[in-house]
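Biologist: I have a structure here and would like to go through it piece by piece. Can you take my questions as they come?

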Amino acid sequence: MAKRHAENISIGDALKEFIGANRLEKGLDKVNAKEAWDSVMGVAISKYTTDIKLDRDTLYVQLSSSVLREELSYGKEKIIKLLNEELGKKLIAKLILR
């Protein structure tokens, strides 16, 4: 259980402290990566996305269209940059399209 503070703190600070104390950051990063993919890539590409998995600094994306996979492979660096900007930190270093 976390220490109780005598002063008032914001709910955002309390949540950050809770996440840090319980080591929940990696799990939240995985969820945020999936949401960032949907947000950055849009509805059209999200329809063909069957699975997204974040493992360390690598994002694995399963696509149901081989044509789309080939097209996206040409812009991997730009996609990584856009995803990291959406996440607000450098979380993804490598993108693997399957």
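Biologist: In which sense do strand 1 and strand 2 pair, and over how many bridges?

Modeller: They pair in the antiparallel sense, over six bridges. Keep in mind that this is a predicted model.

Biologist: What do strand 1 and strand 2 form, and which residue in the turn has a positive phi?

Modeller: They form a hairpin with two residues between them. The residue in the turn is R56, with a positive phi of about 55°.

Biologist: What is the bridge partner of K53 in strand 2?

Modeller: That is Y60. On the other pairing, Y60 has I96 in strand 3 as its bridge partner.

Biologist: How do strand 2 and strand 3 run, parallel or antiparallel?

Modeller: Strand 2, residues 58–63, and strand 3 run parallel and are joined by four bridges.

Biologist: And what is the strand order in the sheet?

Modeller: The order is 1-2-3, in an open sheet of three strands with mixed pairing. Strand 1 (49–55) and strand 3 (94–97) are the edge strands, and each pairs on one side only. From one strand to the next, the twist averages 15°.

Biologist: Changing topic. Which strands does helix 2 lie across?

Modeller: Helix 2, residues 25–46, lies across strand 1, strand 2 and strand 3. Its direction is at about 150° to strand 1.

Biologist: How do the axes of helix 2 and helix 4 cross?

Modeller: Two packed helices are described by the angle between their axes and the distance between the axes. For helix 2 and helix 4 (residues 76–87), the axes come within 9 Å and cross at roughly 120°. The crossing is right-handed.

Biologist: Which residues meet there?

Modeller: From helix 2, N32, A33, A36, W37, S39, V40 and M41. From helix 4, they meet I79, L82, L83, E86 and L87. The residues of this contact divide into nine nonpolar, two polar and one charged.

Biologist: Now the largest nonpolar core. Which residues touch the most other members?

Modeller: W37, L59, L72, I92 and L95 do, out of 20 residues in that core. Helix 2, strand 1, strand 2, helix 3 (66–73), helix 4 and strand 3 each supply at least two residues. The largest share, five residues, comes from helix 2.

Biologist: What is L95 in contact with, leaving aside its neighbours within four places in sequence?

Modeller: L95 is in contact with W37, L59, V61, K76, I79 and I80. Among them, W37 and I79 also take part in the contact of helix 2 with helix 4.

How values were computed
Residues numbered from 1 in each chain as written. Predicted model: local features only at pLDDT ≥ 70, side-chain atom pairs only at ≥ 80, totals over all residues. Heavy atoms only, no water. Pairing = 2+ DSSP bridges. Axes fitted to C-alpha atoms, helices over the stretch in contact; angles between N-to-C directions. Contact = heavy atoms within 4.5 Å. Left-handed = near helix turned anticlockwise from the far one by under 90°. Nonpolar A, V, L, I, M, F, W, Y, C, P; charged D, E, K, R; others polar. Core = buried A, V, L, I, M, F, W, Y, C linked by side-chain atoms within 4.5 Å. Buried < 20%, exposed > 50% of the residue type's maximum accessible area, 1.4 Å probe, protein only.
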